[in-house]
Amino acid sequence: MVTTAAYGTWPSPIDAALAAAHDGRPEFVGSVGDEVWWTEPRPAEGGRRALVRRRADGTIDSVLPEPWNPRSRVIEYGGVPWAARAREEGGPLVVFVHHADQRLYAYAPDGPEAPWPLTPLSGTGGGLRWVDPQLPPGRDEVWCVLEEFTGESPTDVRRVIAAVPLDGSAAGDRGAVRELSDDRHRFVTGPRLSHDGRRAAWIAWDHPRMPWDGTVVMIAEVTGEGSFTAVRPLVGGTDESVVQVEWDGDGSLVFVSDIGGWWELHRIRPDAVAGAVVPSSRLCSGRGEEFGGPLWKIGQRWFHLLGNGLIAVVHGRGTTALGVLDPETGELVDAVGPWTAWAETLAVQDTRVFGIAASPRTSYEVVELDTATGHTRAIGVPHRDAVDPAYYPEPRIRTFTGPGGRDIHAHVYPPHHPDRTGPDDELPPYAVWVHGGPTGRSPLVLDLEIAYFTSRGIGVVEVDHGGSTGYGRAYRERLRGQWGVVDVEDCAAVALALAAEGSADRDRLAVRGGSAGGWTAAASLTTTDVYACGAISYPILDLEGWATGETHDFESRYLESLVGPFAEVPERYRERSPVNHADRLTAPFVLLQGLDDPICPPAQCERFIAAVEGRGIPHAYLAFEGESHGFRRADTLRRALEAELSLYSQTFRLDRPDVPRLELTK
């Protein structure tokens with residue numbers, strides 16, 4: 001029997017502890033002999049990642065015991081942290097980056113030894129860090145990206161491709177590390193070795209560009225001793241973003257470039273004569289879809305070459321699918337299944353493709369596609385309903401109209417409950433969720449954090465504002481010079497449209513976001529009167545501080561494209577920063593921050609809170625020891641969710657005695 005009850009007061013079996021326990025997703029799938037490996041989150045184990053494997057007989061076990069945590073901090077967002085290869089004797093060998101000290105370790109999980117270090121520690125700045133390891137055939141070394149701090153400033157850093165011996169001889173001797181590339185470029189990805197072992201290719205870029213602005217593919221000849229010679233650029237440039245490159249068996253390079261306005265697959269055949277190339281050809285064009293995405297982590301993979309000449313691809317517009325592309329005909333056949341979001345990671349075994357995917361009814365799971373039969377199945381981290389799926393939200397893909405008639409893409413999650421409905425004379429409160437990046441997007445997947453609110457009668461709308469990825473380069477570049485303007489306008493337009501059409505209560509709108517989404521949430525509260533309250537997590541609040549040394553190297557010049565060069569438009573930095581407009585705040589808010597965050601440091605939150613104090617605005621500031629950029633620990637995730645719901649309950653005057661009361665000060 002369905003009971004009528006005020007929106008926001010409905011009972012729900014999805015509590016904050018349950019949502020926190022299911023936070024995170026598997027990542028970095030790989031093939032090791034006849035096994036499939038990946039990493040998984042462990043919120044209850046201090047937020048560490050676990051490396052697990054699925055054996056040929058289907059059994060799944062851990063590769064690395066506690067406290068080992070395969071996670072890289074290169075560019076702070078990291079990337080592929082492990083590589084492994086099968087051996088005839090002694091089982092597989094894995095090389096991985098341990099998060100605690102950022103050293104490379106080697107380990108034979110079927111052997112008696114504990115992991116042994118391959119690289120030294122360094123006391124300078126952030127030390128030595130590693131990412132995107134490769135194990136070249138026939139060599140007793142691992143090739144990967146080395147990030148080396150040369151001073152105490154977060155921007156005192158260099159990155160090169162380096163070779164590290166597997167025998168551990170470099171563990172105490174930095175000199176035993178061979179540098180394969182020079183440091184002419186600020187950023188590099190790990191090398192991809194051609195099938196004949198004679199050439200290597202990688203992606204590079206430089207400040208002030210971000211990898212979605214412009215990158216270049218570098219190519220080198222590889223000597224018999226394993227050194228790089230005749231290094232030269234092959235393709236790419238300042239206005240072309242190449243995000244993945246792989247060698248085909250015929251010596252050609254397949255890569256993803258957005259030169260045509262969308263990230264699409266291309267092929268190029270490097271000539272034997274250095275400096276001469278045959279122009280590239282596009283393998284699948286004119287579809288108005290993305291076959292790549294923003295390179296936030298080193299080593300992300302949107303396609304994988306199959307041995308029969310076909311290519312497994314992650315592609316789509318807004319949502320994504322796994323497909324198999326025939327590069328000769330352009331025919332593309334998608335895998336059958338419910339999944340609407342595929343992660344940027346793929347692996348292959350013969351005719352089988354492995355990826356990580358989720359849907360509005362399933363969490364992220366490891367999925368196998370057998371291209372010989374077309375059959376798909378979940379083989380790892382299979383979704384299991386933690387509660388009755390009748391409590392899951394039912395999303396609607398919407399396109400709203402923004403200022404100037406521009407399209408704004410969004411996912412709308414109305415309040416949903418199997419046994420409750422709202423009164424006929426009441427409209428539900430809604431929270432606008434803003435993704436991070438801002439060069440990112442909101443995946444259309446089951447998220448128990450969303451269900452935590454919708455099952456209680458609070459609607460959620462995820463807004464892919466201008467600047468989001470998944471809709472082509474032109475949509476992505478709407479934010480160029482307009483951060484704090486276009487994103488704020490687009491979120492407000494969606495919120496007000498929901499109110500105007502009678503889906504949401506105009507007086508009970510909230511905004512929430514983390515990182516760049518936290519910036520948009522804070523900017524929205526200080527520049528508009530759309531929202532009654534807001535939840536702001538690990539945000540950017542002071543553009544001047546961020547542009548002058550208060551963040552890490554990777555994004556230290558990101559604002560030059562998002563806002564403009566600081567030296568040319570300093571007043572724009574001051575005018576748009578929420579920290580300078582605390583006097584405009586009228587809405588209550590909660591501010592959530594990790595105290596170990598090197599990307600959006602706590603100092604910005606502390607300045608913002610100091611500016612708000614005494615102005616009569618109810619607010620709370622929760623700072624979490626041991627948390628960095630993005631919360632990972634179960635206790636933190638639970639407390640953050642409960643604080644947000646308590647803020648909504650107090651602001652919207654909802655009766656929620658089941659949630660700890662958040663103490664708001666003025």
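**A loop residue and its neighbours**

A: Setting aside residues within four places in sequence, Ala 5 is in contact (heavy atoms within 4.5 Å) with Trp 10, Arg 420, Thr 421, Gly 422 and Pro 423. Please keep in mind that this is a predicted model, where local features need pLDDT of at least 70, side-chain atom pairs count only at pLDDT 80 or more, and totals for chains, interfaces and linings use all residues. Numbering starts from 1 along each chain as its sequence is written, and side-chain values use heavy atoms, without hydrogens and water.

Ala 5 belongs to the loop between β1 (3-4) and α1 (16-21); helices (H or I, at least four residues) and strands (E, at least two) are DSSP runs numbered from the N terminus. Ala 5 counts as buried because its relative accessibility is 18% (buried is under 20%, exposed over 50%, partly exposed in between, with a 1.4 Å probe and protein chains only). For a sense of span, Ala 5 and Ser 194 are separated by 189 residues in sequence and by 64 Å in space, C-alpha to C-alpha.

Another loop residue worth a visit is His 98, found between β7 (93-97) and β8 (104-107). His 98 is also buried, at 9% relative accessibility. Not counting residues up to four places away, His 98 touches Pro 67, Trp 68, Asn 69, Arg 71, Arg 103 and Tyr 105.

Beyond its neighbours within four places in sequence, Thr 520 contacts Val 434, Trp 483, Asp 487, Val 488 and Cys 491.

Helix α4 (residues 486-500) packs against helix α5 (residues 516-527) at an angle of about 75°, their axes 9 Å apart (axes are lines fitted to C-alpha atoms over the stretch in contact, with angles from 0 to 180 degrees between N-to-C directions). The two helices are therefore roughly perpendicular (65 to 115 degrees; under 35 is roughly parallel, over 145 roughly antiparallel, the rest oblique). On the α4 side the contact is made by Asp 487, Val 488 and Cys 491, while α5 brings Trp 519, Thr 520, Ala 523, Ser 524 and Thr 527.

Finally, the rings. The structure holds 27 aromatic pairs. In one of them, Tyr 471 and Tyr 475 have ring centres 5.0 Å apart and planes at 50°, so this pair is tilted (Phe, Tyr and Trp rings, six-membered for Trp, pair with centres within 6.5 Å; planes under 30 degrees apart are stacked, over 60 edge-to-face, the rest tilted). Both tyrosines are buried: Tyr 471 has a relative accessible area of 9%, and Tyr 475 has 5%.

Phe 624 and Phe 631 make an edge-to-face pair, at 5.3 Å centre to centre and 65° between the planes. Elsewhere, Tyr 77, Phe 187, Trp 205, Trp 212, Trp 296, Phe 554 and Tyr 558 come together as one aromatic cluster.
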